[in-house]
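Morning, everyone. I'll keep this short. Please have a look at the model on the screen.

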Amino acid sequence: MNNKIRVLRAEQRWSQAELAARVGVSRNSINSIENGRFDPSLPLAFDIADAFGLTIEQIFIRGAGPVRTED
Amino acid sequence: MSFSIPKIRSPYMWVSIIVLVAPISFLLAIPWLRQQPDAVVYLCAGIAATITVVGSMIVAIFKDRELDEWHRTAVRFSNQWGWLTGAGLVALLLALPPVHDLLFNLSMAFSEGQEPDRTLVLMIFTFGFMVTVLAQSACTMLLNAMWRSQMSRPRS
């Protein structure tokens, strides 16, 4: 599963640690999710989406292809 | 020049220290224990083992509360493969002659000059290892059944 967390985080000027603190997980978690190495649980995916004020579908993309930043 | 002892604030750091001190103290006390009656030896061994097991469980529970899902996945992965590779590694080591010599020399060190039977020593170590692996397998199956049972229940 791919995602746009890195892009969204850059837009908000949040560090990985800052996003991690907002959703209540470790920075390692955010780093691994961003890199597509680790798929978050559904509750964590909701928390991340809430942090950005978006829906899960707007952040997480099914499949292993590269993430397109334009919608 | 003065030295200050660092303050250990975390409660589970204290427990961790106790968990390490108990078996090390027991090992260091072996020369003294050999002169004591069996009841004293069993009592001391029981106390040391209980402190280690209970302390380890307390530390594990404390630490578990701090883990997020990324850490839990890492723990699950390492447990799943660590037990397997560790057991396989010991099985391989038990087949190596240098390890045989090491076990035999270790037994010699505790046998007060009487040479122990080499085959018996190796059989005891092998048997001990087999019992450990069987106990791990049994506990893994039991915990797996308990986890599946718990997870299958509807939420109240």
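Start where the chains meet: 5 residues of chain B are in contact with 10 residues of chain A, contact being heavy atoms within 4.5 Å. This is a predicted model, where local features need pLDDT of at least 70, side-chain atom pairs count only at pLDDT 80 or more, and totals for chains, interfaces and linings use all residues. Residues are numbered from 1 along each chain as its sequence is written, chains are lettered from A and ligands numbered from 1 in the order in which they are written, and side-chain values use heavy atoms, with hydrogens and water left out.

Now the area. Chain B and chain A bury about 580 Å² between them (accessible area, 1.4 Å probe, lost on being put together and summed over both). Of that, 55% is on carbon and sulfur atoms. Who gives up the most in chain B? B:Asp68, B:Glu69 and B:Trp70, together 85% of what that side buries.

We get 4 residue pairs in polar contact between chain B and chain A, both residues at pLDDT 80 or more. The rule there is a pair of N or O atoms within 3.5 Å, one able to donate a hydrogen and the other to accept it; residues adjacent in sequence count only if both atoms are side-chain atoms. Salt bridges across this interface: 0, taking a Lys or Arg side-chain nitrogen within 4 Å of an Asp or Glu carboxyl oxygen.

Last, chain B itself. Helices, 6; strands, 0 (DSSP runs, H or I of at least four residues, E of at least two).

Conventions:
Buried area is the accessible area (1.4 Å probe) that two parts lose on being put together, summed over both.
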